[in-house]
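Colleague: Could you walk me through this one slowly? I would like to start with the strands and then move on to the helices.

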Amino acid sequence: MNIQIFGTAKCFDTKKAQRYFKERGIKFQFVDLAKFSLSKGELKSVKNAVGGKLDDLINEKSKKYDSSFIKYLASDEAKEEKLLENGELFKTPIVRNGKKATIGYCPDVWKQWETEDKK
């Protein structure tokens with residue numbers, strides 16, 4: 001498995017995701033979205049893996065949500081640009097395993113990845 005966890009150091013669910021993989025001895029790479037955002041290619045890959053709806057990736061509870069005015073943007077292209085500028089607007093954690101991805105704490109899906117990887 002090639003696990004990447006995108007989140008913030010203060011996010012409780014991100015910490016739970018990290019603990020989930022640590023407890024199982026699965027190596028992962030952590031990317032702090034407060035410092036680094038996803039690349040355009042990563043955003044496209046994650047968006048496609050979770051159903052293709054950009055709004056599913058946007059965290060409306062983020063402290064930056066109102067000040068970014070992202071809710072007033074009409075086009076997905078404009079929203080993508082805003083997300084790429086400010087990684088703290090993403091729902092977290094985003095967990096990637098190759099072309100597969102989840103948003104939020106999803107241990108049932110991750111367990112499935114482990115099972116598929118062992119076959």
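Modeller: Gladly, and please keep in mind that this is a predicted model. It has an open sheet of 4 strands, in the order β2-β1-β3-β4, and the pairing is mixed.

Colleague: Which strands stand at the edges?

Modeller: Those are β2 (28-32) and β4 (100-103), and each has a single partner strand, so one side of each is left without a neighbour in the sheet. On average, neighbouring strands of this sheet are turned by 15 degrees against each other, with direction ignored.

Colleague: And how many bridges join β1 to β3?

Modeller: There are 4 bridges between β1 (residues 3-7) and β3 (residues 94-97), and these two strands run antiparallel. Within that pairing, Ile-5 has Val-95 in β3 as its bridge partner.

Colleague: Okay, helices now. What does α2 touch on the sheet?

Modeller: Helix α2 (residues 40-49) packs on the sheet by touching β1, β3 and β4, and its direction makes about 90 degrees with that of β3. Helix α1 (residues 12-23), in turn, lies across β1, β2 and β3, and runs at about 160 degrees to β1.

Colleague: At what angle do α2 and α4 pack?

Modeller: Helix α2 and helix α4 (residues 76-85) pack at an angle of about 120 degrees, with their axes 11 Å apart. They are therefore oblique to each other, and α2 passes α4 in a right-handed crossing.

Colleague: Which residues meet there?

Modeller: Lys-40, Leu-43 and Lys-47 in α2 meet Glu-80, Glu-81 and Leu-84 in α4. Sorted by class, this contact has 2 nonpolar, no polar and 4 charged residues.

Terms used. Residues numbered from 1 in each chain as written. Predicted model: local features only at pLDDT ≥ 70, side-chain atom pairs only at ≥ 80, totals over all residues. Heavy atoms only, no water. Pairing = 2+ DSSP bridges. Axes fitted to C-alpha atoms, helices over the stretch in contact; angles between N-to-C directions. Contact = heavy atoms within 4.5 Å. Parallel < 35°, antiparallel > 145°, perpendicular 65-115°, else oblique. Left-handed = near helix turned anticlockwise from the far one by under 90°. Nonpolar A, V, L, I, M, F, W, Y, C, P; charged D, E, K, R; others polar.
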